[in-house]
Amino acid sequence: MHLLGWWRGLPRLAEDLGGSHHRDDVACLVALNVPGAELGLHLGVHDLAYQPRADRALLVDRHDQRTRLIVPFARDKEG
């Protein structure tokens with residue numbers, strides 16, 4: 001199953017998934033403005049070194065066990 005959603009915080013995401021014991025059901029996610037330590041606790045990853053940055057997001061691919069910094073939004077250079 002694929003799900004595209006937007007949550008304002010990890011506690012709400014965990015609640016909607018049915019608790020933290022379902023965290024392994026999430027194969028991939030994109031996190032914005034979530035401190036690495038908090039995200040690591042949610043995913044069960046203890047060494048997630050990530051600090052949120054403006055206009056950046058962290059792509060977490062649990063199948064490949066990789067994280068990647070991405071730019072999901074581009075600013076209009078004329079505006």
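**Core, sheet and pocket**

Me: Which residues form the largest nonpolar core, and what makes them one?

Reply: The largest nonpolar core has 12 residues: Leu-10, Leu-13, Val-26, Leu-29, Ala-31, Val-34, Leu-39, Leu-43, Leu-48, Tyr-50, Leu-58 and Val-60. The term stands for a set of buried Ala, Val, Leu, Ile, Met, Phe, Trp, Tyr and Cys residues joined through side-chain atoms within 4.5 Å. Buried, in turn, means under 20% relative accessible area, while exposed means over 50% and partly exposed lies in between (1.4 Å probe, protein chains only). At least two residues of this core come from each of α1, β1, α2 (36-43) and β2 (57-61).

Me: Before we go on, what should I keep in mind about the model and its numbering?

Reply: This is a predicted model, in which local features need pLDDT of at least 70 and side-chain atom pairs count only at pLDDT 80 or more, whereas totals for chains, interfaces and linings use all residues. Residues are numbered from 1 along each chain as its sequence is written, and side-chain values use heavy atoms, with hydrogens and water left out.

Me: How many helices and strands are there, and what makes a stretch count as one?

Reply: The chain has 2 helices and 3 strands. Helices (H or I, at least four residues) and strands (E, at least two) are DSSP runs, numbered from the N terminus. Along the sequence they give the pattern α-β-α-β-β.

Me: What makes the strands a sheet, and in which order do they stand?

Reply: Two strands pair if DSSP finds at least two bridges between them. Between β1 and β2, which run antiparallel, there are 4 bridges, so the pair passes that test. One of the facing pairs is Cys-28 with its bridge partner Asp-61 in β2, and Leu-29 stands opposite Val-60 in β2. The open sheet of 3 strands has the order β1-β2-β3, with antiparallel pairing.

Me: What makes the largest pocket a pocket, and how much space lies in it?

Reply: About 1000 Å³ of space lies there, a volume being the space filled by probe spheres set on grid points that are joined across faces, edges and corners. On a 1 Å grid over the protein atoms alone, a pocket is an open set of points with protein on both sides within 12 Å along at least five of seven lines. Lining residues have an atom within 4 Å of a point. There are 31 of them here, and Gly-5, Trp-7, Leu-13, Leu-29 and Val-30 lie nearest the centre. α1, β1 and α2 each give two or more residues to the lining, and β1 gives the most, with 4 residues.

**Single residues**

Me: Why is Tyr-50 called buried?

Reply: Its relative accessible area is 8%, and the limit is under 20%, so Tyr-50 is buried. Tyr-50 lies in the loop between α2 and β2. Leaving aside neighbours within four places in sequence, its contacts (heavy atoms within 4.5 Å) include Ala-31, Val-34, Pro-35, Gly-36 and Leu-69. The C-alpha atoms of Tyr-50 and Gly-36 are separated by 4.5 Å, though the two are 14 residues apart along the chain.

Me: How do you know whether His-42 and His-22 are buried or partly exposed?

Reply: His-42, in helix α2, has 10% relative accessibility and therefore counts as buried. Beyond four places in sequence, His-42 touches Leu-10, Leu-13, Ala-14 and Arg-23. His-22, in the loop between α1 (10-17) and β1 (28-31), has 28% and therefore counts as partly exposed.

Notes. On a 1 Å grid over the protein atoms alone, a cavity is a set of points where a 1.4 Å probe fits but cannot get out, and a pocket is an open set with protein on both sides within 12 Å along at least five of seven lines; lining residues have an atom within 4 Å of a point.
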